[in-house]
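This report describes selected side-chain features of one protein structure. The sequence and the model are shown first, and the description follows.

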Amino acid sequence: VQLQASGGGLVQAGGSLRLSCAASGRTFRTSNMAWFRQAPGKEREFVAAIGWSGGNTYYADSVKGRFTISRDNAKNTVYLQMNSLKPEDTAVYYCAAKNTGSYYQALYAYWGQGTLVTVSS
């Protein structure tokens with residue numbers, strides 16, 4: 001599976017962005033997917049995850065109620081809708097596929113290249 005993340009950019013606090021992660025390969029449709037982020041000087045942290053069918057979703061407490069993860073298996077794409085953005089959401093966001101551990105652990109077999117989100121105050 002190859003992953004290509006896009007949609008990052010500069011936005012003011014309170015604004016919105018939608019990240020996309022396009023995947024190649026047949027295993028996408030049977031893979032759990034997730035978004036992680038890494039801010040400068042910090043460790044990579046879990047943001048959101050979604051089961052292969054889209055029926056189960058999980059969020060970090062810091063983004064719950066503001067971010068929504070979804071997927072379109074017909075388009076081999078997973079999305080992260082981010083609303084009410086805060087300066088502390090500034091980070092490089094990575095999509096990941098096929099977890100080999102718990103969904104919130106950075107133990108995924110495949111990773112995208114990351115897309116930068118910058119939220120100005």
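## Basis of the description

The model is predicted: local features need pLDDT of at least 70, side-chain atom pairs count only at pLDDT 80 or more, and totals for chains, interfaces and linings use all residues. Residues are numbered from 1 along each chain as its sequence is written, and side-chain values use heavy atoms, with hydrogens and water left out.

## A tyrosine patch on the surface

Tyr103 belongs to the loop between strand 9 (91–99) and strand 10 (108–111). Strands (E, at least two residues) are DSSP runs numbered from the N terminus. Together with Tyr58 and Tyr104, Tyr103 forms a nonpolar surface patch whose accessible area is about 280 Å². Such areas come from the Shrake-Rupley method with a 1.4 Å probe, and for residues only the protein chains shown count as cover.

Patches are made of residues with over 30% relative accessible area and no salt bridge; nonpolar side chains (Val, Leu, Ile, Met, Phe, Trp, Tyr) are joined within 5 Å, and like charges within 9 Å. A salt bridge is a side-chain nitrogen of Lys or Arg within 4 Å of a carboxyl oxygen of Asp or Glu.

## Aromatic pairs

A pair of aromatic rings is described by the distance of the centres and the angle of the planes. Rings of Phe, Tyr and Trp (its six-membered ring) pair if their centres lie within 6.5 Å; planes under 30 degrees apart count as stacked, over 60 as edge-to-face and the rest as tilted. A search of the whole structure gives 7 aromatic pairs. One of them is the stacked pair of Tyr58 and Tyr103, at 4.1 Å centre to centre with 20 degrees between the planes. This pair links distant parts of the chain, 45 residues apart: Tyr58 is in strand 6 (residues 57–59), and Tyr103 is in the loop between strand 9 and strand 10. Tyr58 is partly exposed, with a relative accessible area of 31%.

Tyr103 also pairs with Tyr104, edge-to-face, at 5.3 Å centre to centre and 90 degrees between the planes. Tyr104 counts as partly exposed because its relative accessibility is 46%. Ring pairs join Phe36, Phe46, Tyr58, Tyr103, Tyr104, Tyr108 and Trp111 into a cluster.

## Charges over rings

The charged end of Arg44 sits over the ring of Trp111, 4.8 Å from the ring centre. Likewise, the charged end of Arg71 sits over the ring of Phe28, at 4.6 Å from the centre. The criterion is NZ of Lys or CZ of Arg within 6 Å of the ring centre and within 35 degrees of the ring normal.

## The disulfide

A disulfide is a covalent bond between the sulfur atoms of two cysteines. With a cut-off of 2.5 Å between the sulfur atoms, the count is 1 disulfide. Cys21 and Cys95 form this link, with their sulfur atoms 2.1 Å apart. The link is right-handed, with 60 degrees about the S-S bond. Cys21 lies in strand 3 (residues 17–24) and Cys95 in strand 9, so the pair ties together parts that are 74 residues apart in sequence. Both Cys21 and Cys95 are buried.

## Positive phi angles

Asn76 has a positive phi, near 50 degrees, in a residue other than glycine. Asn76 is placed in the loop between strand 7 (67–72) and strand 8 (77–82), and counts as buried at 13% relative accessibility. Lys98, also not a glycine, has a positive phi of about 65 degrees. Lys98 is found in strand 9 and is partly exposed, with a relative accessible area of 39%.

Terms used. Helix = DSSP H or I, 4+ residues; strand = E, 2+ residues; numbered from the N terminus. Buried < 20%, exposed > 50% of the residue type's maximum accessible area, 1.4 Å probe, protein only.
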